[in-house]
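Please keep the sequence and the model open while you go through them.

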Amino acid sequence: MTALPAQGAEYSSALKVRGIQYDAPGPDSNKCSSGNTREEYLTVKNYSSTTTVNLKGYVVKDAVGNRFTFPANHYLQPGDYVKLRGGNGNGTDSDAKNVVYRDNCNFMWNNDKDTIYLYKPSGTRADVHSYTKSKNDRDGNGYITYH
């Protein structure tokens, strides 16, 4: 049996997972033309008060190894955030709108439980959080806030 990472584990990183909409509102549908994977998102925030961070090369993974690597320059000013959304590429990445799309119609996060890993381009872990719907989402809205 593998131990889950500590909920309050802290890593020396300006970027941390702010929250996750792990269960998109409505019935799950990963149809590229009409699905709701765009409504599933992970918010990553720059908690530094002085340093701008480029997301290029940062990696987000789940418990079974599904992963997304930020492929392009996306600068987060101190206190700024980005929402990493699912979707089929109909969305446009935007610094101004604080959004990056995974360009994938499949859901990344499980609706019952999962683990969120955030890695720096160097491969060093920046943040990690495990969740279970029953323990961490008391109001049942599919959203959990961290830091």
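1. At 42% relative accessibility, Asn 106 counts as partly exposed, on a scale where buried means under 20% relative accessible area, exposed over 50%, and partly exposed in between (1.4 Å probe, protein chains only). Leaving aside residues up to four places away in sequence, Asn 106 touches Asn 30 and Thr 37, a contact being heavy atoms within 4.5 Å. Asn 106 and Asn 36 are 70 residues apart in sequence, and their C-alpha atoms are 9.5 Å apart in space.

2. Before going further, please note that this is a predicted model, in which local features need pLDDT of at least 70 and side-chain atom pairs count only at pLDDT 80 or more, while totals for chains, interfaces and linings use all residues. Residues are numbered from 1 along each chain as its sequence is written, and side-chain values use heavy atoms, with hydrogens and water left out.

3. On confidence, the mean pLDDT of the protein chain is 89, and 90% of its residues reach 70 or more; pLDDT is the predictor's confidence in each residue, from 0 to 100. Over residues 1–8, however, pLDDT stays under 50, and the model has 10 contacts beyond four places in sequence for this stretch. Where pLDDT is low, the predicted coordinates should not be read in detail.

4. Which cysteines form a disulfide? Cys 32 and Cys 105 do, with their sulfur atoms 1.9 Å apart, and the count comes to 1 disulfide under the rule that a pair of cysteine sulfur atoms must lie within 2.5 Å. This pair links distant parts of the chain, 73 residues apart, since Cys 32 is in the loop between strand 1 (15–21) and strand 2 (41–46), and Cys 105 is in the loop between strand 8 (99–101) and strand 9 (113–119). The torsion about the S-S bond of Cys 32 and Cys 105 is about 115°, so the disulfide is right-handed. Cys 32 is partly exposed, with a relative accessible area of 43%, whereas Cys 105 counts as buried at 11%.

5. Aromatic pairs come to a count of 4, taking rings of Phe, Tyr and Trp (its six-membered ring) whose centres lie within 6.5 Å, with planes under 30 degrees apart counted as stacked, over 60 as edge-to-face and the rest as tilted. One of them is the tilted pair of Tyr 22 and Tyr 131, at 4.8 Å centre to centre and with 40° between the planes. Tyr 22 lies in the loop between strand 1 and strand 2 and Tyr 131 in strand 10 (residues 125–132), so this pair ties together parts that are 109 residues apart in sequence. Tyr 22 is buried at 0% relative accessibility, and Tyr 131 is buried at 2%. The rings of Phe 68 and Phe 70 have their centres 5.1 Å apart and their planes at 85°, so that pair is edge-to-face; Phe 68 is buried at 9% and Phe 70 at 2%.

6. How do the strands pair, if pairing requires that DSSP finds at least two bridges between them? Strand 1, in which 6 of the 7 residues are buried, runs antiparallel to strand 2, to which 6 bridges join it, and the bridge partner of Val 17 in strand 2 is Val 44. Strand 1 also pairs in the antiparallel sense with strand 11 (residues 143–145), over 3 bridges, and there Gly 19 stands opposite Thr 145.

7. Strand 2 in turn pairs in the antiparallel sense with strand 7 (residues 81–85) over 5 bridges, with Lys 45 opposite Tyr 81. Strand 7 and strand 8 pair in the parallel sense over 3 bridges, with Leu 84 opposite Val 100 in strand 8.

8. Lastly, two residues deserve a look for their backbone angles. Phi of Asn 98 is near 55°, a positive value in a residue other than glycine; Asn 98 is found in the loop between strand 7 and strand 8 and counts as buried at 12% relative accessibility. Phi of Asp 103 is near 55°, again positive in a residue other than glycine, and Asp 103 lies in the loop between strand 8 and strand 9.

Key. Helices (H or I, at least four residues) and strands (E, at least two) are DSSP runs, numbered from the N terminus. Two strands pair if DSSP finds at least two bridges between them.
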